[in-house]
Amino acid sequence: MVNHKTIDASIVKTLLEYEKNSGLIRWINTVSSRAKAGAVAGHIENNGYRSIRIMGVSYLAHRLVFVLTTGSMPNGFVDHIDGNRDNNKFDNLRVVDRKTNCQNLHGPLKNNKFSGLLGVSQHNRKWKAQIYFDGSKKYLGSYESPELAHAAYLRAKRAVHEGCTI
């Protein structure tokens with residue numbers, strides 16, 4: 001079980017409205033100088049997720065989508081199927097376990113200085129592909145370009161990570 005903050009659905013529904021087609025959450029009434037009626041609620045955090053502050057507590061927008069759509073907080077991790085952390089359309093969200101949520105990473109990676117691609121690193125003037133699976137790192141080969149190494153990584157990822165949607 002995920003330990004996330006909960007909030008009563010009736011409170012959320014008096015403050016926010018959810019636009020199913022766009023995935024946006026808007027304020028129903030003006031609640032502060034920053035939260036005006038009709039404005040898109042919240043802001044994008046450094047990690048790419050939209051956060052909405054209600055009564056002094058920050059909530060992740062994708063979790064509030066579940067409250068506004070189903071009437072309750074999800075029991076598990078909410079995964080953005082397309083990897084876009086601000087695409088909060090209900091059909092782009094799924095409740096998953098931690099492992100599946102981690103398997104659905106999309107690139108590019110900010111901390112990968114050499115290629116920016118998932119599963120790719122530079123090694124002896126070539127590009128190495130590797131993947132984590134069953135608790136250890138698996139070597140997938142060396143390639144002439146980062147794109148070829150990334151293609152090998154994606155093939156492996158699709159085969160061994162059940163939560164992968166790329």
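Biologist: Which residues does leucine 16 touch?

Modeller: This is a predicted model. Leaving out residues up to four places away in sequence, leucine 16 touches Ile25, Arg26, Trp27, Ile28, Ala41, Ile52, Ile54, Leu64 and Leu68. A contact needs heavy atoms within 4.5 Å, so each residue on that list meets this limit with Leu16.

Biologist: What makes a group of residues here a nonpolar core?

Modeller: The members must be buried nonpolar residues joined through side-chain atoms within 4.5 Å. The largest such core has 22 residues. Leu16, Ile25, Trp27, Ile52, Ile54 and Leu64 have the most contacts inside it. Buried means under 20% relative accessible area, so the core residues, Leu16 among them, fall under that limit.

Biologist: Which elements supply this core with at least two residues each?

Modeller: Helix H1 (9-15), strand E1 (16-18), strand E2 (25-27), E4 and H2 do. The largest share, six residues, comes from H2. In soluble globular proteins, nonpolar side chains tend to be buried together.

Biologist: How do you know that E4 and E5 pair?

Modeller: Pairing takes at least two bridges. Strand E4 (residues 50-54) and strand E5 (residues 57-60) are joined by four, so they count as paired. They run antiparallel. Isoleucine 52 stands opposite tyrosine 59, and isoleucine 54 has valine 57 as its bridge partner.

Biologist: What lies between E4 and E5 in the hairpin?

Modeller: Two residues. Methionine 55, in the turn, has a positive phi of about 50°.

Biologist: Why is one side of E3 and of E5 left without a neighbour in the sheet?

Modeller: The open sheet has three strands in the order E3-E4-E5, with antiparallel pairing. Strand E3 (43-44) and E5 stand at the edges with a single partner strand each, so one side of each has no neighbour in the sheet.

Biologist: Where does H2 lie?

Modeller: Helix H2 (residues 61-70) lies across E4 and E5. H2 runs at about 80° to E5.

Biologist: How many helices and strands does the protein chain have?

Modeller: Four helices and 10 strands. Along the sequence the pattern is α-β-β-β-β-β-α-β-β-α-β-β-β-α.

Biologist: What share of the protein chain counts as buried?

Modeller: Of its 166 residues, 39%. The protein chain exposes about 10000 Å², and carbon and sulfur atoms supply 50% of that area.

Notes:
Residues numbered from 1 in each chain as written. Predicted model: local features only at pLDDT ≥ 70, side-chain atom pairs only at ≥ 80, totals over all residues. Heavy atoms only, no water. Buried < 20%, exposed > 50% of the residue type's maximum accessible area, 1.4 Å probe, protein only. Areas by Shrake-Rupley, 256 points an atom, 1.4 Å probe, with all protein chains shown as cover. Axes fitted to C-alpha atoms, helices over the stretch in contact; angles between N-to-C directions.
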